[in-house]
Amino acid sequence: MNLLKRLGCRRASVLGLLAATVLVTPGTATGAPDDVRAGTLGAQAAQSGRYFGAAVAAGKLGDGTYTGILDREFNSVTAENEMKWDATEPSRGSFTFSRADQIAQRAQARGQRLRGHTLVWHSQLPGWVNSIRDANTLRGVMNNHITTVMNRYKGRIHSWDVVNEAFADGGSGQMRGSVFRDVLGTGFVEQAFRTARSADPAAKLCYNDYNIENWSDAKTQGVYRMVRDFKSRGVPIDCVGLQAHFGAGGPPGSFQTTLSNFAALGVDVQITELDIAQAPPTAYANTVRACMNVARCTGITVWGIRDSDSWRSGENPLLFDRSGNKKPAYNATLTAMGGTPTTTPTRSGTPAGSNGATNAAALPGRYAWSSSGTLISPKSDATHNIAGIKDPTVVRYNGKYHVFASTAGSSGYNLVYLNFSDWSQAGSATHHYLDRSAIGKGYRAAPQVFYYAPQRLWYLVYQTGNASYSTNPDISNPNGWSAPRHFYSSMPDIIKQNIGDGHWVDMWVICDSANCYLFSSDDNGHLYRSQTTVGQFPNGFTNTVIAARDSKYAMFEASNVYKVQGSNQYLLLVEAIGSDGRRYFRSWTSNSLAGSWTQLAASESNPFARANNVSFPSGSWTRDISHGEMIRAGHDQTLTIPACRLQYLYQGLNPSAGGNYDLLPWRLGLLTQTNSTC
Ligand code: XIL
């Protein structure tokens with residue numbers, strides 16, 4: 001937001017606010033709002049910020065019943081065999097990724113997350129590795145394998161099983177014999193995790209095993225000691241995968257204790273390969289409930305879709321029968337996550353006989369928030385005399401929040417960067433002024449940051465009068481940003497024709513699997529959208545259209561667009577100026593980034609975020625809820641946000657401040673949703 005000289009806007013705001021919203025939707029029909037029930041496994045898991053995944057076989061992707069269930073029910077995918085060593089490096093140094101790519105690309109195209117399975121495992125290991133006897137050779141081969149495979153999918157895999165099944169069954173609690181242990185010693189596990197961290201710092205690194213679900217088992221204790229040791233010595237490990245291949249009795253009574261005890265070491269836990277002989281509904285429910293009861297249990301994967309797809313197919317251990325019908329264990333699983341099983345298809349196009357609900361919209365229609373006090377204030381220095389810090393953008397990456405914001409004051413506009421590990425430290429973080437990088441001095445404002453996974457680069461999008469961007473391979477290096485480049489040669493004609501006396505502001509990029517979209521506002525009631533392909537980005541933005549319109553102050557500026565995790569929904573937020581002259585946010589949803597936007601919470605009495613649905617700890621330090629950013633679930637160009645317990649970093653202002661817009665004392669605070677039902 002905030003081109004210079006926007007005096008008076010905050011007062012002149014009453015006109016037109018009560019006018020009905022009219023949204024322009026080129027080329028799309030306006031349908032009824034989506035069903036808001038979460039009636040599928042993925043959408044229901046997403047309500048608590050979790051994923052629900054399935055192991056997928058590339059060879060079955062041509063089977064429509066299989067893919068129908070996969071796409072309807074699951075929001076995470078593990079390659080059942082295609083990323084294993086024998087599949088990816090069948091002979092030394094010669095890598096084959098075609099089948100793994102098929103799974104990865106298909107999942108990405110549908111917004112499903114990817115688990116990586118597995119890098120170092122004694123099984124499904126090609127003979128040439130098994131016959132290595134020299135430690136240096138094996139170490140080199142192992143590191144090269146980890147690095148090459150992780151690099152291939154860098155930035156696209158949420159969790160990697162770095163080492164699989166290294167511990168022995170039975171009472172020893174020790175590692176099993178394998179070429180890795182026998183030639184390299186037990187230190188191979190540590191070596192593998194260290195190599196993995198450098199290869200893809202964004203992926204969670206997991207140790208994965210079976211028969212570690214019962215707390216008192218020697219094998220569980222052995223793995224626990226290893227993870228505790230890694231954490232105490234700073235060896236990188238982020239999660240423990242419990243395979244959960246259960247007999248008909250289901251999980252042991254201590255299963256939840258085991259999950260909690262691992263989590264207490266400071267790692268996530270995930271149920272990675274769930275299947276249960278004969279699939280008793282109670283056994284499934286108990287397993288799922290244990291995960292739901294442990295905050296750091298972040299997701300569940302079942303090892304296949306239909307019984308006929310299972311590696312244990314003789315035991316019928318999965319959630320769908322051979323014809324693809326839901327089994328009783330399916331309803332038990334959905335119910336254990338708090339979902340509602342349904343028997344009526346709710347949308348045409350739902351596969352026949354599936355008893356399926358839609359991949360439902362997970363966002364509620366009303367919002368309530370509590371706000372922090374002021375968390376981030378400007379820090380002037382010898383060359384920066386700053387009145388306000390504003391327009392924050394934020395990602396969480398590598399255990400830190402990375403915040404970029406505009407600063408404004410008598411010395412003009414600039415961008416600033418800070419990072420910190422939790423909000424209590426936000427106020428004391430160092431502010432790095434980006435005019436010291438190649439971004440340079442001059443008007444630069446309203447940043448947006450994301451990782452563009454296809455290019456493995458961070459992008460900072462901002463306004464300079466044009467829509468500009470800089471890139472950086474390392475988000476934590478404030479000096480690493482490239483000089484500004486423009487997305488457009490000049491302002492697109494449609495904007496020139498509609499901008500009136502407004503300003504072209506608040507450029508925002510979001511991509512789906514095929515296209516990237518650039519949204520912008522004009523302080524005159526229009527939201528614009530241009531598009532290019534994922535392959536061409538950052539070039540080729542064309543076809544600029546009016547994506548939405550309303551009266552000037554009802555659709556003013558500072559728009560954000562997000563993908564809602566685990567649903568087929570996108571969320572649009574636009575800042576408006578209310579009848580009281582104060583800033584607030586309205587919201588819309590759509591099934592497509594290029595589609596029509598349907599009102600969600602979009603009025604002054606039912607706003608997305610406005611002073612009237614925000615409670616403050618001790619007196620309101622602001623009456624404006626202005627330009628900011630949602631805390632995202634990930635950090636890439638899909639801008640995925642969780643469906644639950646939303647958080648929004650925003651700019652607020654001492655209510656008695658006034659005068660020159662560019663000298664207003666904006667500060668940053670955090671909203672946390674208080675009416676989340678998940
Ligand atoms: C299994 C696959 O499901 C089979 O298709 C394959 O023949 C053997 O491997 N633990 C694991 C998984 O970590 O990789 C295994 O998957 C099942 C046990």
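This is a predicted model: local features need pLDDT of at least 70, side-chain atom pairs count only at pLDDT 80 or more; totals for chains, interfaces and linings use all residues.

Student: Great. Which domains is the chain divided into?

Tutor: Domain 1 covers 3-26 + 361-673, and domain 2 covers 41-339. Their C-alpha centres lie 37 Å apart.

Student: And how many residues does the contact take from each domain?

Tutor: The contact takes 13 residues from domain 1 and 17 residues from domain 2. The area buried between the two domains is about 1,200 Å², and carbon and sulfur atoms give 49% of that area.

Student: Which residues of domain 1 lose the most area to domain 2?

Tutor: Those are Arg456, Gln565 and Gly566, which together make up 35% of what the domain 1 side buries.

Student: On to helices. At what angle do α11 and α12 cross?

Tutor: Roughly 25°, with the axes of α11 (residues 281-292) and α12 (residues 328-336) coming within 8 Å. Angles under 35 degrees count as roughly parallel, so α11 is roughly parallel to α12. The crossing of α11 and α12 is right-handed.

Student: Which residues meet there?

Tutor: From α11 you have Pro281, Tyr284, Ala285, Val288, Arg289 and Met292, and from α12 Pro328, Ala329, Ala332, Thr333 and Ala336. By class, that contact has nine nonpolar, one polar and one charged residues.

Student: What about α8 and α9, how do their axes cross?

Tutor: The axes of α8 (residues 188-199) and α9 (residues 218-233) come within 12 Å and cross at roughly 50°. That angle makes α8 oblique to α9. The crossing of α8 and α9 is right-handed.

Student: Which residues make that contact?

Tutor: Val189, Glu190, Phe193 and Arg194 of α8 touch Met226, Phe230 and Arg233 of α9. The residues of this contact divide into four nonpolar, no polar and three charged.

Student: New topic: where are the cis peptide bonds you'd point me to?

Tutor: One joins His117 and Thr118, with omega about -5°; Thr118 is in strand β3 (residues 113-120). Another runs from Phe537 to Pro538, with omega near 10°, and Pro538 is in the loop between β21 (526-533) and β22 (542-549).

Student: And what is phi of Ala244?

Tutor: Phi of Ala244 is near 65°, a positive value in a residue other than glycine. Ala244 is found in the loop between β6 (239-242) and β7 (245-246).

Student: Why flag these spots?

Tutor: Because most residues other than glycine have a negative phi, and most peptide bonds are trans.

Note on methods. Residues are numbered from 1 along each chain as its sequence is written. Side-chain values use heavy atoms; hydrogens and water are left out. Axes are lines fitted to C-alpha atoms, for helices over the stretch in contact, and angles run from 0 to 180 degrees between N-to-C directions. Helices (H or I, at least four residues) and strands (E, at least two) are DSSP runs, numbered from the N terminus. Angles under 35 degrees count as roughly parallel, over 145 as roughly antiparallel, 65 to 115 as roughly perpendicular and the rest as oblique. A crossing is left-handed if the near helix is turned anticlockwise from the far one by less than a right angle, and right-handed if clockwise. Contact means heavy atoms within 4.5 Å. Ala, Val, Leu, Ile, Met, Phe, Trp, Tyr, Cys and Pro count as nonpolar, Asp, Glu, Lys and Arg as charged, and the others, Gly among them, as polar. Domain bounds come from an automatic or database domain assignment. Buried area is the accessible area (1.4 Å probe) that two parts lose on being put together, summed over both.
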